[in-house]
Every structure is written in C-alpha cells, then in structure tokens.
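Hi everyone, thanks for coming. Have a look at the model on the screen while I talk you through a few bits of it.

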Amino acid sequence: MWWEGVSLERRLSAILVADMVGYSRLMEQDEADTLVRHKAHRLDLIDPSLATHHGRVVKTTGDGLLAEFPSVVEAVACAVEVQRAMARREADPPQDRRIAYRIGIHLGDVFHEGGDILGGGVNVAARLEALAEPGGICLSGTAFDQLSTTASEAFASMGEVQVKNIARPIRAYRWKRASGNVPLQDVPGTDLLPWFRLPRKPVLAVGGFRSSADEQFSTGLAAGLPEALVATLSQTEAISVVEDPSRSTAADYLIEGTVRGSSDRVRIMLGLADCRTNQRIQSFRFEYSNTDPFEIEDDISDRLHSQVHAAVTLGARALYIRSLANTDQDFTDLLQGTVELQSFNAKGFEKAVRTWHSLYERDPQRPEYVVLLAWLEWAKLTIPGVSTESRVTNLGKGREYARLAQKLLGNADNLSLRLVMACLEMMDGNHDAAVAHVDAGLDLDPMSSYVLEVGGYVKIYSGDADAGITLLRRAIEMQPFYAYFVVAHLAFAYAFKGDLDEAAFLVRQMGSVPTDRVEKLWVLPLGIAIAIWMGSEEEARELAKRLLRALPGFTIANFRDRSFFWRDVGFLDRICDALADAELPA
C-alpha cells in the first residue's frame, strides 16, 4: 500500500496546552494593546519559564501554544510559575481587560513527525485546557499520579469528565489557587534555591511482549502479561507504572520480553532496561509446562515485583551494583540488601544483614562482598537500636572487614571500599582521612550519583558544607529520583553555613516526603532550632510536639549522642541549647 514504509516515532510525553481566555473579545476591544501585552507575557514570562523547566514549544497559535516536557513535574512547575506571575502582571487593568490563560496538562502517548507531535495525548491535553478556570490549571489523572504527596494536595478532583471526541471519561484535577496550597517543592524557580526539587517517582514503562509463533496459547499470554505486570507493579507507591509499547522520553525504565512455545511448554524471556542510557539492567527467564496462562501471569508478576522495584528505585546505582555481582541471584541479593538498608530502620537492617551475610557466605573471597559487611557495621552506628555493641566494637569490626577486602583486592582500588572507609573514618572522628577517601572515590568515578551522595554527606559533617552542597547538588541534577536523605543533609549543610532561610525551606520540603521515611524525623530537631533562632518560639513548640508524638522517648542528650560524628561541636551545642529553649526533655 502507499503508506508502507512510513513510520512515526511514538513516545510517552508530558503535554501542556495553553490558551488565552476571551481572545476574540479582547481583540475586538483593543487589538494592538492585546497583542502587545500577550507578546510581552511570552517574551518576559512564558518562554523563559518553558526554557527553565526544559519545555519545548511545539507550535503556537495567535493566543496559545502547545509544549512538550520531559516530565509532568516540570510541566506543572512551569504552569504554576506562569499562572502565579500572570496574576501579579495583570493586577492593574480593569477586570474586563485582563489577560488570563487556561492550561491543560496530560501524560500520554504522542507521535513525532518532524518537530510536531500528534495523537490522542495532544487531544486530551487540549480538552483539559478547556476545562480549566481562567488563570487555572487542569491535569489528567495520569499526570496527577506523577506528583508528590504535597504537590497533589494542591489539586482537587473533578471526578471523571466526559469531553468531546474522547470515547472514555477522563479523570481530571483542577488547581486549588484560592487555598494557597501550591506545589512549591516541585517548582524549582524559588528565590532561595532555584536548582532544588524533591525527588520524583521513577517511571517504569511495561512494553509489549512478542510471540514467536502464531499458536493461540503463546499469543494470548503475550497479550495478557503486560496488563498483569502493570497491575502488580503498580501496587507500590514508590514508582509510577505505565503500559507503553515504545521507549519514551518520559519513562525512565522499560520492561519487555518474548513468549515462545505452546501450552505444553512455554519459555518467557524478560529484560529490564534503563531508557536514559539504553543499558540492560537485568534479564529474567521463566519456563513452564502444562500451566494455566493466568497462573503464569500471576507467578511472573509476583516473582518480579520486589526485584524490579529494587532496581528501579535505586536508579543509576543499580547499574553499578550489577557490575559487582557474579550471578543473577547475587545481583538480586545485592539490590534487596541495598534497598532494605536505605530504609534506615531496624526491620530493614535485619533483612539486609540476612541477605548480605548469605551473599558473603556463598563467596567469602570476593572483596566486594566483604565490603558489604563493613557497611553493615557503619549502619549499626547510624540506625538507632540495631547495635548491641559499643561504637568502638562496631568501628573495629568495620575496619577489620575493610582491611580484609583490601587484602583480597591486592593493589587494586575499589569505589565502595573507599566510600565505606570514608564513613568509618568520619564516625571515628578522623575527618581529614574521611575526606581523603571521598576525594579518591571521586577520582575513580566523578559521574556516579552514588559517590556524590555519600561524598556530600561525609564532607558536610566533616566541616566543609560548601563542598558537600556542591556534590549533593550534582547528585540531584544527575538523578531525579535521588535518596531522601540528601535533602536532610542539605538542610544541615545550609544551617552550618548560617543560611537559615535556605535550611528552613529544605526542612519544610521534608514535610512532604512519604510518612514512613525516617528522614522526616532527622530534620525536625534542626527545624525546631531554626524556629528558635528566627524568633518563632510558637512554631518551635509546635514542631517539638510533633517530634515527641513521633518519638516519645526523644531527649536532647540522645540527639547529641546520635550526632557524635559532627566536626563542628560548637554548632551542635547551639542546636541543643535551642532545643532546650523549645522545652524538649533534657
């Protein structure tokens, strides 16, 4: 046929449609004035905001535009920034002469042809724009699901809305401007820290499964597996899962595979890949004989759930962990132990201990696995309630494991060994030695977000807040779903520097992270101290009540003891004095 050989690139994108309210009426009243003001808004506000948030203008009309963004977070940040500024810029003209824009945002499939984008996703965004209030924003359900908890609270559900030329109803959400509750943590354009944004959820796309035969069993299984995987993997709130048959700019990871065989015997091969680097992270192989297809779908979904979740939430670090593993089972154990340890609670620690000790026992001569045991000793110094031994004992054991790993390595250097030694030296008060290990790790891999996060942590508490901030900022820029503890350490770093407004801003941002994250509690004492220093005693006491509700046994003495590794003891004294002023237990 005449269209054979013609192909269009398909991908998942965040689509923004903006349109001026009452354009024809305004043009009829004063055409020249309307055009001049609209052009000024474009040049001074809209276009710079699009550039800041990595948006691409696809096309413009006389009174509106269509833009594409790499993520919903960036699109919403741009929309909020524009609508806030427009309210200020149009405050002086009479009500009937004010320019206002409606904005619709959708996350969906689009086809790329040249510089244009086409398809149902664009149509949905346009329909959402029409639903928005003047000066408002309307999101689709798929876009809303990408927002963090606090950001999502700035939008109210409109339920399922039926719109023109769209067969199925659309979940829609409107921006609650009047509440003042806007997604500040998703708007990088704050005056304080314009580069900062909270970590977002990674997006996992479940692609189509190819069947190698026309046999009804395998083709049916290939059709049903993506839906089953989406349903199971979507059960965790830590990642966003979409069913998308194409590698897309909005997806961070892609899982796809093949189905071969018949009802007597079937083999299923799956692969998990990083869409940003096009690197394969993990492969899976399953074989079944005389098995019901629904049982196969359920079994694969259940078996993949924890492994895929671990690999996706660890981001770029998963690729580094892949390089350490001897076997697929080793890789799984390395991933699971790392995720559990990063929970920073006793339950996760115990799971990491079991997993990593099992890994070490399978191959005690592998230096990378010995280093894991050194990390567990560091964790005992960091996670409350997990160690039954003294700090001296834990430090001694950690150093012994590090020495054994170095003996097995011979003259070779090792990134993870450098980083655990940096953390152990810092805990032992040897801050200069700790920084030297971090610098050696940066020489080994200066582009690793893993090195940047650990290095920033060590440098901050070793007395160089500026250097620590620089490393953590680079980590945030490289890894959009970085670890939450980075925000906590940044807050302390700015406080160390005396930049209390920035530190307070970061403490407030931590209030929007998931409730099960212990990092929320790490920064509360700092937030209380900042409130005291800034003369907000009432706010300090409210934060103190919140802290005691979460940690009934909290005392100032315990906080001081847990902060034993800080180089700046004078600053620690100041925090403890402020906690006493907030009437916390001594």
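Predicted model: local features only at pLDDT ≥ 70, side-chain atom pairs only at ≥ 80, totals over all residues.

Residues are numbered from 1 along each chain as its sequence is written, and side-chain values use heavy atoms, with hydrogens and water left out.

Okay, salt bridges. That's a side-chain nitrogen of Lys or Arg within 4 Å of a carboxyl oxygen of Asp or Glu. By that rule we count 31 of them.

Take Arg-37 and Asp-33, whose side chains pair up at 2.7 Å, N to O. Both sit in helix 2 (residues 31–52), four residues apart, about one turn of the helix. Helices here are DSSP runs of H or I, at least four residues, and strands are runs of E, at least two, numbered from the N terminus.

Is Arg-37 buried or exposed? Buried means under 20% relative accessible area, exposed over 50%, partly exposed in between (1.4 Å probe, protein chains only). Arg-37 is at 14%, so it counts as buried, while Asp-33, at 28%, is partly exposed. These two also belong to a salt-bridge network with Glu-90 and Arg-97.

Another pair is Glu-287 and Arg-265, with the closest N and O atoms 2.9 Å apart. This one links distant parts of the chain, strand 13 (residues 279–289) and strand 12 (residues 265–274).

Last, helix 3 (residues 72–89): 14 of its 18 residues are buried, so mostly covered.
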